[in-house]
Amino acid sequence: MSGFMQIIRNLFIRLEALFSQFFGAIKNIFSQVFGFFAKIFGFSKPGYFLENNEATSIKSSQSKQVTEPEPKSTPEPSITARRRPDPKMDYFRKMAEDVNKTS
């Protein structure tokens, strides 16, 4: 049965590769067509979304504020704080001890 499953898996891998090539070619065609129209109408120019004077005013209006970083206080771990015993881990420890005793 494992040989049959391998054939099915390989079939799906090859179908996936075929579809990715097919849809990749379609995506490439659409991107070239839309890219052509974007160049014709001027959408690909860098000044289309922001005017040059607006871009410089935005950069100049953002001022950098110098602030001193606050010293981070790390809480000291308490020595008495320990993990609570987990009953599931006790079960697995006992099972491991039983395996070691029988070996």
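Student: Where is confidence lowest, and where is it highest?
Tutor: Start with the kind of model. This one is predicted. The mean pLDDT of the protein is 78, and 64% of its residues reach 70 or more. Helix 1 has the highest confidence, with a mean of 92. Helix 2, residues 52-61, has the lowest, with a mean of 54.

Student: How many residues does helix 1 have, and how far does it reach?
Tutor: Compare its span with the expected one. Helix 1 has 40 residues. From first C-alpha to last it reaches 58 Å, close to the 58 Å expected at 1.5 Å a residue.

Student: What comes just after helix 1?
Tutor: Look at G42. Its phi is positive, about 85°.

Student: How many aromatic pairs are there?
Tutor: Ring centres must lie within 6.5 Å to pair. That rule gives six aromatic pairs. One of them joins F30 and F34, with centres 6.3 Å apart and planes at 20°. Planes under 30 degrees apart count as stacked, so F30 and F34 are a stacked pair.

Student: Why can F30 and F34 sit side by side like that?
Tutor: Begin with the general idea. An α-helix has 3.6 residues a turn, so residues three or four places apart point the same way. Now the case here. F30 and F34 are four residues apart in helix 1, residues 2-41, and so about one helical turn separates them.

Student: Are these two buried or exposed?
Tutor: F30 is partly exposed, at 49% relative accessible area. F34 is exposed, at 58%.

Student: Which residues do ring pairs link into a cluster?
Tutor: F19, F22 and F23.

Note on methods:
Residues numbered from 1 in each chain as written. Predicted model: local features only at pLDDT ≥ 70, side-chain atom pairs only at ≥ 80, totals over all residues. Heavy atoms only, no water. Phe/Tyr/Trp six-rings, centres within 6.5 Å; stacked < 30°, edge-to-face > 60°. Helix = DSSP H or I, 4+ residues; strand = E, 2+ residues; numbered from the N terminus. Buried < 20%, exposed > 50% of the residue type's maximum accessible area, 1.4 Å probe, protein only. pLDDT = per-residue confidence, 0-100. Expected span 1.5 Å × (residues − 1).
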